[in-house]
Amino acid sequence: MLITLEGIDGSGKSSAWEFLQGHAADLDPEFTFTREPTESWYGEAVRRSIQEDDADSLAELFLYTADHAAHLANTVQPALDRGEVVISDRYSDSRYAYQGATLADRLDDPLAFVREIHEPWTRPPDATIYLDVDAETGAERSGGTNKFERIEQLRAVRENYERLIDDDPERFVRIDATRAAEAVRADVLEAVETLLDEQ
Ligand SMILES: Nc1ncnc2c1ncn2[C@@H]1O[C@H](COP(=O)(O)OP(=O)(O)OP(=O)(O)O)[C@@H](O)[C@H]1O
Ligand SMILES: Cc1cn([C@H]2C[C@H](O)[C@@H](COP(=O)(O)O)O2)c(=O)[nH]c1=O
């Protein structure tokens, strides 16, 4: 089973992911915890691009997509083949939401374009926990240290997440992540336990 954590910058994904890792030993299945961008050299290329304000948005899409392809082939699919539960902090929806926003001035329907590029080969998540915060909260919490963490950008990214949820409501578990961290983490753990019970 592939469970992904998604949300705008500062929504608390990484905190929730670390919290889940701390509780994985109490749960039954074997887990693989992973994330995008990855720690591989593909991920390093992505991180370099994040720091470049004038990086070409289309080139950046393909860097992220290359990182995703290697992540899927080297980490996600092998873990799924071993019967493990994979929990990924960001995955394909991050590309649809973020690059769907950064490419808005170049393409008519960038979100559809980014999805089409993935469609023939990616492995969609079985469930996605969406940590929902407004753009102002996300920007404030993330500290605005890179180009994606600005309020206007996060607003556009959040709108794209809403489109993704509208398209596939059964896959998403929305959690109000503006609340205290303890409440959010408890809901995330409960969501994972419910998903495991249902599988
Ligand atoms: N519910 C919360 N209330 C207040 N602060 C929070 C909450 N959740 C996380 N934080 C804080 O907000 C900051 C960002 O959290 P975190 O790194 O988990 O978010 P993220 O979604 O992974 O962000 P990014 O995508 O930018 O890496 C951290 O300082 C974290 O301690
Ligand atoms: C996977 C992925 C990420 N991004 C953006 C979102 C963040 O601003 C940065 C780094 O992610 P982190 O969770 O803060 O470490 O990259 C993106 O634009 N597209 C993607 O596919």
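## Close-up views of a predicted model

**Figure 1. The loop that holds P37.** P37 is found in the loop that runs between strand 2 and helix 2 (41-51). The model shown here and in the other views is predicted. The peptide bond joining E36 and P37 is cis, with an omega of about -5°. Most peptide bonds are trans, and most residues other than glycine have a negative phi. E36 and P37 are also both among the residues around ligand 2.

**Figure 2. The loop that holds R90.** R90 has its place in the loop between strand 3 and helix 4. Its phi is near 70°, which is a positive value in a residue other than glycine. Like P37, R90 belongs to the residues around ligand 2.

**Figure 3. The residues around ligand 2.** Which residues are found around ligand 2? They are D9, E36, P37, I50, Y64, R90, S94, R95, Y98, Q99, N146 and F148. Helix 4 supplies the largest share of this shell, with four residues. Sorted by class, the shell around ligand 2 holds five nonpolar, three polar and four charged residues.

**Figure 4. The residues around ligand 1.** Ligand 1 has 14 residues around it, of which D9, G12, S14, S15 and R141 come nearest. Which helix gives the most to the shell around ligand 1? Helix 1 does, with three residues. At least two residues of the shell come from each of helix 1, helix 6 (135-142) and helix 8. The shell around ligand 1 is made up of four nonpolar, seven polar and three charged residues.

Figure 5. Five strands form an open sheet in the order 2-3-1-4-5, and their pairing is parallel. Strand 2 (31-35) and strand 5 (172-176) are the edge strands, each pairing on one side only. From one strand to the next, the twist averages 20°. Strand 1 (residues 2-6) pairs with strand 3 (residues 85-89) in the parallel sense, over four bridges. Within this pair, L2 stands opposite V86 of strand 3.

**Figure 6. Two helices on the sheet.** Helix 1 (residues 13-23) lies across strand 1, strand 2, strand 3 and strand 4 (127-132). The direction of helix 1 is at about 150° to strand 3. Helix 8 (residues 181-198) also packs on the sheet, where it touches strand 1, strand 3, strand 4 and strand 5. The angle between the directions of helix 8 and strand 5 is about 160°.

**Figure 7. Helix 3 against helix 4.** Two packed helices are described by the angle between their axes and the distance between the axes. Helix 3 (residues 57-81) and helix 4 (residues 92-102) pack at about 175°, and their axes are 10 Å apart. Angles over 145 degrees count as roughly antiparallel, so helix 3 is roughly antiparallel to helix 4. On helix 3 the contact is made by S57, E60, L61, Y64, T65 and H68. On helix 4 it is made by S92, R95, Q99 and T102. The residues of this contact divide into two nonpolar, six polar and two charged.

Figure 8. UniProt, in an unreviewed entry, places the feature "domain: Thymidylate kinase-like" at residues 5-187. The end C-alpha atoms of this span lie 13 Å apart. In the model, residues 5-187 are 54% helix and 13% strand.

Key
Residues are numbered from 1 along each chain as its sequence is written. Chains are lettered from A and ligands numbered from 1 in the order in which they are written. This is a predicted model: local features need pLDDT of at least 70, side-chain atom pairs count only at pLDDT 80 or more; totals for chains, interfaces and linings use all residues. UniProt positions are given in the numbering used here, feature names are shortened, and annotations may be inferred rather than shown by experiment. Two strands pair if DSSP finds at least two bridges between them. Axes are lines fitted to C-alpha atoms, for helices over the stretch in contact, and angles run from 0 to 180 degrees between N-to-C directions. Two residues are in contact if their C-beta atoms, placed from the backbone, lie within 7 Å. Angles under 35 degrees count as roughly parallel, over 145 as roughly antiparallel, 65 to 115 as roughly perpendicular and the rest as oblique. Ala, Val, Leu, Ile, Met, Phe, Trp, Tyr, Cys and Pro count as nonpolar, Asp, Glu, Lys and Arg as charged, and the others, Gly among them, as polar. A residue is near a molecule or strand if its C-beta atom, placed from the backbone, lies within 6 Å of it.
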